[in-house]
Amino acid sequence: MEALSGWIKDASKSELKSAVAAGERAMAEYREAIAQEARSHWESDEPLVILAAHPYHLDPFVHHGIPDLLASMGHTLLTEDAVAYLAQDAGQIDVVNQWAFHSRLYRAAHMAVTRPHTELIQMVSFGCGIDAITSEQVKRIMSDAGRLYTMLKIDETDSLGSARIRLASHFSAVADREGEAVMQAVGPNGLPAKPCIEGGHMTPSPMRSVHADEPSKTRTVIPFRLIPHAVAALDVVRNRKIYMPQMAPVHFPLLAAALKSFHVDIELLPDVSDEAIDLGLRYVNNDACYPAIVVIGQLLEKAKEPGFDAKNSAFLLAQTCGPCRATNYGTLLGWALKDIGLPDLPVVSLTTRTFNSSRGIPHPMLCIGWGWCYATD
């Protein structure tokens, strides 16, 4: 109120207070109206598409007409925040849930897999924030439930050609998967014959399709192993050989030496090879930071060596504690290990904090190790 009264000189504080209260009521009514509209579609039998995107993708100069394109293809659209509130929480996820926007994405994905004939399309731009993390997690939520996932990268270009092809491929695959006979009137150049766009706004279009009654088949999900608690982390570092990637040629040898002083059997991997980078690019989301690709690639190269003893080994990886992609390096490594067939290989985080199911090494060891690094600086 003090800030408003400083900007609006002609209104009294009581008038400003009433105006703010009216604005809050209007916002609450608007949100309730959106929720009721979304709920009416969600509780129907119609096919739906959840278009998950950043809030700024509401701007037509940013989304480049993707919502209109989907509507013209005959799909009813809901944004991720229109259905996220239906979920109790973000559900079982592997990553550290860092921001409210990410929580809405994960909730929407978990809701999508509970409803038949519901697809999720995610839009990202410029590798914004930790899109490499959120998109990979959403993809795995969908694929673990036997659903398809498509991500559209929207950057400088305003051409919808590639997006149209991706979307057409997605829905064609959906039709093949569910045994549907989807009939859509298509004109020249792959465009719908009668787009349902009026005045630049999305309007529903009838989707002529016959849906299979059987629910989508689910496949067995093999989780990867992250250290469940600090005691287990201590057990791992005491009883397994620990491999640590080369992240800083001056500091990390001292960190390894510090851990060895606690009788930890640790090996600092040598310089990065071309094979390690290739493995990182193959098994890590390529929108992740390059350091993630490099260090995870080093560990994957070690894991693929002939004679590598996975039952008596573990990997050590750094982890930050803020809104940064490095907070989820352990998860990226865990996914990669799962993909190469080593889901039970433990991952220990080089951190003093506890995040999700990834746990840090014992605090005294870390304090001595970081102390040596600070001395080096």
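## Basis of the description

Two strands pair if DSSP finds at least two bridges between them; strands (E, at least two residues) and helices (H or I, at least four) are DSSP runs, numbered from the N terminus. This is a predicted model, in which local features need pLDDT of at least 70 and side-chain atom pairs count only at pLDDT 80 or more, while totals for chains, interfaces and linings use all residues. Residues are numbered from 1 along each chain as its sequence is written, and side-chain values use heavy atoms, with hydrogens and water left out.

## The sheet

An open sheet is formed by 4 strands in the order β2-β1-β3-β4, with parallel pairing. β2 and β4 (150-153) stand at the edges with a single partner strand each, so one side of each has no neighbour in the sheet. From one strand to the next, the twist averages 30°.

Strand β1 (residues 48-52) pairs with β2 (residues 76-79) over 4 bridges and with β3 (residues 118-124) over 5 bridges. I50 has L78 as its bridge partner in β2 and L120 in β3. β3 and β4 are joined by 4 bridges, and V124 stands opposite K153 in β4.

Beyond four places in sequence, L120 is in contact (heavy atoms within 4.5 Å) with residues including I50, M142 and H170.

Note on methods. Axes are lines fitted to C-alpha atoms, for helices over the stretch in contact, and angles run from 0 to 180 degrees between N-to-C directions.
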